[in-house]
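Take a look at the model first, then read on.

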Amino acid sequence: MSKNSVAKRYALALFQIAKENNTFVQFDTELAEVRTVFSTNKELHLVLTSPIISIESKKQIIREGFAGSSPFIVNTLQLLIDRHRENIVVDMVDEYKKIANEARNIAEAVVYSVKALSEAEKQQLSTVFAAKIGKASLSIENIVDPSILGGLKIRIGNRIFDGSVSSKLERLGRQLTLNR
């Protein structure tokens, strides 16, 4: 069985728990933190995959490290350790996010801007662009990119809405060279 399909099964189980307990927002926040910890902390990965360290010690590290998290999430992480599947945690969180967003009719969007967007600006973008793609709302990740000079560049799935000054200047430059 592939790593992705196993991660999807665990993600689906967490989704069902979130649905039953109406804890989507809590799970979204906590799983984002779990993803950050597991993807950036190489020492944690070395400890959790070490054959020298006992499974109980690894589970204790998870209990202490994620003490503020939902017991469902902590138990899932401990179950992954029991089954020697520590390496699928990031994939499981990504799969959970896909499943939860699909169920709530939310699309993931990456917005490139010259400055950080305010919550009001993110909400306005979500309202406008969600309607364009037939979704209820957008989950926006804002990336500050001074190279776009101004305006916005929005990526939703495989669609790109480019209203950046840099791309407009590039198009203008191409048009001027063609009309020589």
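At roughly what angle do the axes of α2 and helix α3 (residues 42-49) cross? They cross at roughly 85° and come within 5 Å.

## About the model

This is a predicted model, in which local features need pLDDT of at least 70 and side-chain atom pairs count only at pLDDT 80 or more, while totals for chains, interfaces and linings use all residues. Residues are numbered from 1 along each chain as its sequence is written, and side-chain values use heavy atoms, with hydrogens and water left out.

## α2 and α3

Helices here are DSSP runs (H or I, at least four residues), and strands are runs of E of at least two, numbered from the N terminus. Axes are lines fitted to C-alpha atoms, for helices over the stretch in contact, with angles from 0 to 180 degrees between N-to-C directions. The angle therefore makes α2 roughly perpendicular to α3 (65 to 115 degrees; under 35 is roughly parallel, over 145 roughly antiparallel and the rest oblique).

Val-37, Phe-38, Ser-39 and Thr-40 of α2 meet Lys-42, Leu-44 and Leu-48 of α3 (contact means heavy atoms within 4.5 Å). This contact has 4 nonpolar, 2 polar and 1 charged residues; Ala, Val, Leu, Ile, Met, Phe, Trp, Tyr, Cys and Pro count as nonpolar, Asp, Glu, Lys and Arg as charged, and the others, Gly among them, as polar.

## α2 and α6

Helix α2 (residues 24-40) packs against helix α6 (residues 89-103) at about 150°, with axes 9 Å apart. The two are therefore roughly antiparallel. On the α2 side, the contact includes Phe-24, Asp-28 and Arg-35, and on the α6 side Val-89, Asp-94 and Tyr-96. By class, there are 9 nonpolar, 1 polar and 3 charged residues.

## α2 and α5

With helix α5 (residues 71-82), the α2 axis comes within 10 Å and crosses at roughly 35°. Phe-27, Glu-30, Leu-31, Val-34 and Phe-38 of α2 touch Phe-72, Ile-73 and Leu-77 of α5. The class count is 7 nonpolar, no polar and 1 charged.

## The largest pocket

The largest pocket holds about 370 Å³ of space (on a 1 Å grid over the protein atoms alone, a pocket is an open set of points where a 1.4 Å probe fits, with protein on both sides within 12 Å along at least five of seven lines; lining residues have an atom within 4 Å of a point). Its volume is the space filled by probe spheres set on the points, which are joined across faces, edges and corners.

Of its 18 lining residues, Asp-28, Thr-29, Ala-32, Lys-97 and Ser-139 are closest to the centre. α2 gives the largest share of the lining, 7 residues.
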